[in-house]
Amino acid sequence: MEKIVEISSVDTTYEGEKIPCLKDITLHIKKGDFIAVIGPNGAGKTTLLETINGLLESSCGEIKVLGKSLKRNGSVVRKNIGYVPQDYSIDELTPFLVSDIVLMGRYGRIGLLNPITKKDREIAKKIMRYMEIDEISKRPIGKLSGGQAQKVMIARALAKEPQIMLMDEPFSNLDFEARKEVSEKLVDLHKKQNITFVIVIHDITSIPSVCNRVIVMDNGKIVADGSREDILKPDLMDIGYRGIVC
Amino acid sequence: MLELFYTRIFLFAVTGALLTGYTCSLMGTFVVRMNLSSLGFAMSHAAFAGAALGVFLKQDPIIFALLFSIAIALTLGPLADKAKLKTDVVIGVMFSLSMALALLFLNLSPDTTMSSAALRILWGSVLGLTTADIMYLLIITVITILFVIMFFKEINAILFDRKLARASGINDKPFYYLILILTSLTVAFSLKLVGGLLVFALMINPTSAVYQFSYDMKKIIIFSPVVGMLSCLLGILVSFLFDLPTGSSIAIVCSLIFAISVVLSPKRRKG
């Protein structure tokens, strides 16, 4: 199957630091993969996502996304990657409406100097309906619950019609019901649109059923990479990974 | 003849006020949202330092004021990015440097008449507005309006969250730097009317007033300049009627508008 992300011997070091947060990462992601990235706090999971979409520049090695070198084509590549960060700067007075934020997801794709078309607005509306946030579309983002805001951020990323979705703890602000509902929607999107998902998850019980691959990270390295069945085997979890994951 | 002279001064003052009110408040929407409230303050002092250098070199203080503001704007963004500090912190550094330079240049200038020309930059003087000043204000107003219309998507996304804008495929740095540069130009060209110290009020107060009534950034961007123009017009009127300094009158009017908006704000009502 077509390789959609190719990472070869990559280190990522934060500016001003000597020790890399990602160490010698080599990772290939195929189109249609549904990958869960697990590991303890500080393992490098978020750094991995932000290195894949070029928000953090790698200090060595090579990254190709959708066949293009990330170093030379960062902005172009990012137009095809949906990103849901773990933290975003929203407070009670943030002056943006839900509908505007979801539409913003399309801005990079629309391109410089091109106007927002009727089609763009329709796609944003369709995504809002899909995520069941259309009824709150005219509400300010700062007035929503954590779960609603999280759904808005997912909708924003999906509005881009991405080929790859990078999601950092997408279920962290959701209650059990909402978690189940969002998880089912991601599975549905994966099946229908063949979007490649890379999801950082802290709670391994939240890993969606469709997930075909689990990557375990610790101390900036990939310590295990395999099928869901292999990695999450109860005996393996008991031997080694449970200590890393929990 | 005298009447014509006064009519011309009044017309220049009103036109200057409308243009300054519009542009300062438009850029103010970005300044407030991006927590750069001290930017206007730092820019105005940079302009003051420039003007002081102009005085020292016996050149036009306005040109040097402009050059210093632009220099600060060009340095600010990259320096904040490079130093990995919040822009507000770097603004604080720039502010102290500007004040130190201003005092140094003024101290080196023996000509007190010229020094008072530099001080006028801090307080503004509506009577001194020339056709060239109005033209400069008009040009900067047109540029800022075009900037907002042409790049509304990108600006809006950056105002929401710079990192998310970058993640969307928007090259955020040039827009961020352009916002800083246009703000500095706006400050520099507004100095003659409201003065360096009060241009700050004109950037912050109208936007803060509109913030009290809306959660929609589009509406804030549209209505802040309207409130800015209204503040300037009322300020000019108060200044002419009661023979008060124009800059102070404008700042007091827009502070009053802000205070009233806080009282009337629906954001504090329940139900």
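Glu6(A) stands opposite Lys64(A), a residue of β4(A). The two strands concerned, β1 (residues 3-12) and β4 (residues 60-65) of chain A, run antiparallel and are joined by five bridges. Strands here are DSSP runs of E of at least two residues, helices are runs of H or I of at least four residues, and both are numbered from the N terminus; two strands pair if DSSP finds at least two bridges between them. β4(A) also pairs in the antiparallel sense with strand β5 (residues 68-69) of chain A, over two bridges. In that pairing Val65(A) stands opposite Lys68(A). The hairpin of β4(A) and β5(A) has two residues between the strands, and Leu66(A) takes a positive phi near 55° there.

The model is predicted: local features need pLDDT of at least 70, side-chain atom pairs count only at pLDDT 80 or more, and totals for chains, interfaces and linings use all residues. Residues are numbered from 1 along each chain as its sequence is written, chains are lettered from A and ligands numbered from 1 in the order in which they are written, and side-chain values use heavy atoms, with hydrogens and water left out.

Most residues other than glycine have a negative phi. Asp24(A), which is not a glycine, has a positive phi of about 50°. Asp24(A) belongs to strand β2 (residues 22-30) of chain A and, at 55% relative accessibility, counts as exposed. Asn35(B) also has a positive phi, near 55°, and is found in the loop between α1 and α2 (38-56) of chain B. Its relative accessibility of 55% makes Asn35(B) exposed. These classes refer to relative accessible area (1.4 Å probe, protein chains only): buried is under 20%, exposed over 50%, and partly exposed in between.

Over all chains, the structure holds nine aromatic pairs. Rings of Phe, Tyr and Trp (its six-membered ring) pair if their centres lie within 6.5 Å; planes under 30 degrees apart count as stacked, over 60 as edge-to-face and the rest as tilted. Two of the pairs are tabulated below.

| Pair | Centre to centre | Angle between planes | Class |
|---|---|---|---|
| Phe34(A) and Phe197(A) | 4.9 Å | 25° | stacked |
| Tyr176(B) and Tyr177(B) | 6.3 Å | 50° | tilted |

Phe34(A) lies in strand β3 (residues 34-38) and Phe197(A) in strand β8 (residues 196-200) of chain A, so their pair ties together parts that are 163 residues apart in sequence. Both Phe34(A) and Phe197(A) are buried. Tyr176(B) counts as buried at 5% relative accessibility, and the charged end of Arg162(B) sits over its ring, 4.0 Å from the centre. In chain A, Lys185(A) lies over the face of Tyr130(A), at 5.1 Å from the ring centre. For such a contact, NZ of Lys or CZ of Arg must be within 6 Å of the ring centre and within 35 degrees of the ring normal. Phe56(B), Phe68(B) and Phe105(B) form one aromatic cluster.

The second largest pocket has a volume of about 350 Å³. Its lining comprises 17 residues, of which Val126(B), Leu127(B), Ser239(B), Leu244(B) and Thr246(B) are the closest to the centre. A pocket is an open set of points on a 1 Å grid over the protein atoms alone, where a 1.4 Å probe fits, with protein on both sides within 12 Å along at least five of seven lines; lining residues have an atom within 4 Å of a point. At least two lining residues come from each of α1 (2-33), α11 (217-242) and α12 (246-264) of chain B.

How values were computed:
Grid points are joined across faces, edges and corners, and a volume is the space filled by probe spheres set on the points.
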